[in-house]
Amino acid sequence: MARHKGRGWHGRLLAAGLGVTALAAATSVWTAQADPAGGRQPQARVSAPDARSQGQVAADIAHASDRGARGVNITIDDGPDPVWTPQVLQLLEDSGVKATFCMVGTQAQAHPDLVKKVVAAGHRLCNHTVSHDTTMDTRSEEYQSQQILEAERMITKASGGVRPQYYRAPGGAFTPYSRQLAASRGMRPLGWNVDSKDFEHPGVDTMVATVKSEIANGPTVLFHDAGGDRSQTLAALREVLPWLRQQGYSFGFPVR
């Protein structure tokens, strides 16, 4: 999976995340023990949301749609954002499309009303870590645990108790440990097949052409609702969503 974006605007989120890290270090102790196969299974000594009711999901990275071969998963990353998320939500409602919102923990904590609106509209939540650190795969297991589990707590609290069903590593920086940890919490690791490149502001025509030419690669399409001006994203979605439906695709959620 290609790494994309870089740290950019997320630098300020990372700074906020470091403060959360200090808090988490003071209140939580993360341990890991070897499983019979020799891997490492994370355990948490913390009052985090209980995932046992949902059960552990597969730890491999999901791409497929629950709507089958002609399904498409629209995924929206990095929010919620007070300017752009409401506009994305309205566009999705007008289009009759449900999406998966991969939320950054600090953003969810800052805008709980938007998290609740996402849930109320029938969309699903995805954990995108506390601070969107795209170097996650180079960091310690303790750091990965804090980023994933603290974001889970933040998003769940902001939503009013609805847990994220997926985990997407920033920039695709998954590790075997982070995938197993997410799965043990009931969050299926989530990849993407089509990167609209909207984070780079390449122009609406380019973004639309990218989705049209690459949708044959797989069903999960990546857009963003935060990180700057998302007017191109909105314009591209207005063209892409009806086009996909015209091509015989239906909109669903990533498999779990």
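Biologist: Which residues does T75 touch, not counting residues up to four places away in sequence?

Modeller: This is a predicted model, in which local features need pLDDT of at least 70, side-chain atom pairs count only at pLDDT 80 or more, and totals for chains, interfaces and linings use all residues. Residues are numbered from 1 along each chain as its sequence is written, and side-chain values use heavy atoms, without hydrogens and water. T75 belongs to strand β3 (residues 71-77); strands (E, at least two residues) and helices (H or I, at least four) are DSSP runs numbered from the N terminus. With contact taken as heavy atoms within 4.5 Å, and residues up to four places away in sequence left aside, T75 touches T100, R168, L190, T220, V221, L222 and F223.

Biologist: Is T75 buried or exposed?

Modeller: The classes rest on relative accessible area: under 20% is buried, over 50% exposed, and in between partly exposed (1.4 Å probe, protein chains only). T75 has a value of 0%, so T75 is buried.

Biologist: How far from a polar atom of the T75 side chain is the backbone oxygen of V221?

Modeller: V221 is one of the residues that T75 touches. The backbone oxygen of V221 and a polar atom of the T75 side chain are separated by 2.7 Å.

Biologist: Which residue forms a salt bridge with E150?

Modeller: E150 is buried at 10% relative accessibility. The closest N and O atoms are 2.7 Å apart, and the partner of E150 is R153.

Biologist: At roughly what angle do the axes of α5 and α6 cross?

Modeller: Axes are lines fitted to C-alpha atoms, for helices over the stretch in contact, and angles run from 0 to 180 degrees between N-to-C directions. The axes of α5 (residues 141-159) and α6 (residues 176-184) come within 10 Å. The contact involves E141, Q144, S145, I148 and L149 of α5 with Y177, S178 and L181 of α6. The crossing angle is roughly 35°.

Biologist: What is the handedness of the crossing of α7 and α8?

Modeller: The axes of α7 (residues 204-214) and α8 (residues 231-246) come within 9 Å. A crossing is left-handed if the near helix is turned anticlockwise from the far one by less than a right angle, and right-handed if clockwise. For α7 and α8 the crossing is right-handed.

Key: A salt bridge is a side-chain nitrogen of Lys or Arg within 4 Å of a carboxyl oxygen of Asp or Glu. A polar contact is a pair of N or O atoms within 3.5 Å; within protein, one must be able to donate a hydrogen and the other to accept it, and residues adjacent in sequence count only if both atoms are side-chain atoms.
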